[in-house]
Amino acid sequence: MKIVGMKLGLLSAPLRVPFRTALREVKYVDDIVVEFYASDGTVGRGEAPPTAAVTGETLGSIQAALQGHIFPSLCDKEASLESLCAIVEHSIVGNHSAKAAAEIALWDIYAQHCSLPLYKLLGGEDHTIVTDLTISVNEPDIMAKDTVDAIGRGFETLKIKVGENPELDIERLRAVRSAAPDAVLRIDANQAWTPRQAVRILERMDAEGLNIELVEQPVKARDLNGLKFVTDNSPVPVMADESMFSPEDALNIMQRHAADYVNIKLMKCGGISNALRIASAAEVYGVECMIGCMLEAKVSVTAAVHLACAKNIITRIDLDGPALCSEDPVVGGATFDGKYITANQAPGLGITEIHGLRYI
Ligand code: MG
């Protein structure tokens, strides 16, 4: 396989409601799409969102990494998929989302060469998964209304962003819980708490009978001791998200049992190859995984859908990026129908066109 050309485009899709977490507020999905052209004319696509608050990457840095480092390293080299992915990994330090976009495009081309949808190439059989939906941080009555709306759209598992203010968080969760008594509720603090504060808040939530399935990233990303403290002492199971980027991070967390679960995101780990390595480590340690996404449109989320279909250790799906958008400019790829996501049967990612893509 040989890559001979690359185009970058800006994809913009409006969100149904502004997306708020403890770290940021966003109104649009604004991502870079990479198109790689193979020597036989096959086009592969990938996508990277600027998530400066988590990965440190911006639209400018993603563009510069792809144009200045990743593509020049790959261009005109006849090599296996594995070798090309290794070239991407070593083309520049960091820049995980830019690498993920490039890697997804390479896997897309390879799967098309094999005439297989990506999940089959990865050894999967089932091609439908069920995702949760994130309810944005807001006043409790607005969150209750958003919850009723989500349940009406068929979602059974809701993710609630917390971390701004513990008292208000509990009020918000009460509002969501009473609007959806049977829903599975998971919460995500996005690093907002200290370890002791996290245990106190989670104990209160537990005592109030809010019935929280798990808490994502209660403490600072680099505070693994703190993460382990919460895991050891909280009544609510803990999932590592921002603490786990690489397969090395995953092993470290799993060996120390610093978290009960981990959240794999292609944009943190740098693509499908590292996601597969994390999933393999999780299989060894028996740590169930969630697959998540940033505010991404359907190109890279389709890759995550295929990965989730292929790996049984991925038991929780948080791929609501496209469901949060009010328009879908991507033709082909996975199909989103309420809580159900179905992987395409067409080869690769099955994406044929992206409307309104502005080439840069
Ligand atoms: Mg998270």
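How many cavities of 30 Å³ or more does the structure hold? The structure holds 3 of them. This is a predicted model, in which local features need pLDDT of at least 70 and side-chain atom pairs count only at pLDDT 80 or more, while totals for chains, interfaces and linings use all residues. Residues are numbered from 1 along each chain as its sequence is written, and side-chain values use heavy atoms, with hydrogens and water left out.

**View A. Welcome to the largest cavity, with about 220 Å³ of space.** On a 1 Å grid over the protein atoms alone, a cavity is a set of points where a 1.4 Å probe fits but cannot get out, and lining residues have an atom within 4 Å of a point. A volume is the space filled by probe spheres set on the points, which are joined across faces, edges and corners. Here 20 residues form the lining, and Phe19, Arg24, Lys161, Lys265 and Cys293 lie nearest the centre. Strand S6 (157-161) and helix H13 (321-324) each supply at least two lining residues; helices (H or I, at least four residues) and strands (E, at least two) are DSSP runs, numbered from the N terminus. By class, the lining has 7 nonpolar, 4 polar and 9 charged residues. Ala, Val, Leu, Ile, Met, Phe, Trp, Tyr, Cys and Pro count as nonpolar, Asp, Glu, Lys and Arg as charged, and the others, Gly among them, as polar.

**View B. Helices H2 (residues 81-90) and H3 (residues 96-113) pack with their axes 10 Å apart.** Their angle is about 170°, so they are roughly antiparallel (over 145 degrees). Axes are lines fitted to C-alpha atoms, for helices over the stretch in contact, and angles run from 0 to 180 degrees between N-to-C directions. Leu81, Leu84, Cys85, Val88 and Glu89 of H2 make the contact (heavy atoms within 4.5 Å) with Lys99, Ala102, Glu103, Leu106, Trp107 and Tyr110 of H3. This contact has 8 nonpolar, no polar and 3 charged residues.

**View C. The largest pocket holds about 260 Å³ of space.** A pocket is an open set of points with protein on both sides within 12 Å along at least five of seven lines. Of its 16 lining residues, Glu82, Cys85, Glu103, Ser273 and Arg277 are the closest to its centre. H2, H3 and helix H11 (272-285) each give two or more residues to the lining, and H2 gives the most, with 7.

Key: Angles under 35 degrees count as roughly parallel, over 145 as roughly antiparallel, 65 to 115 as roughly perpendicular and the rest as oblique.
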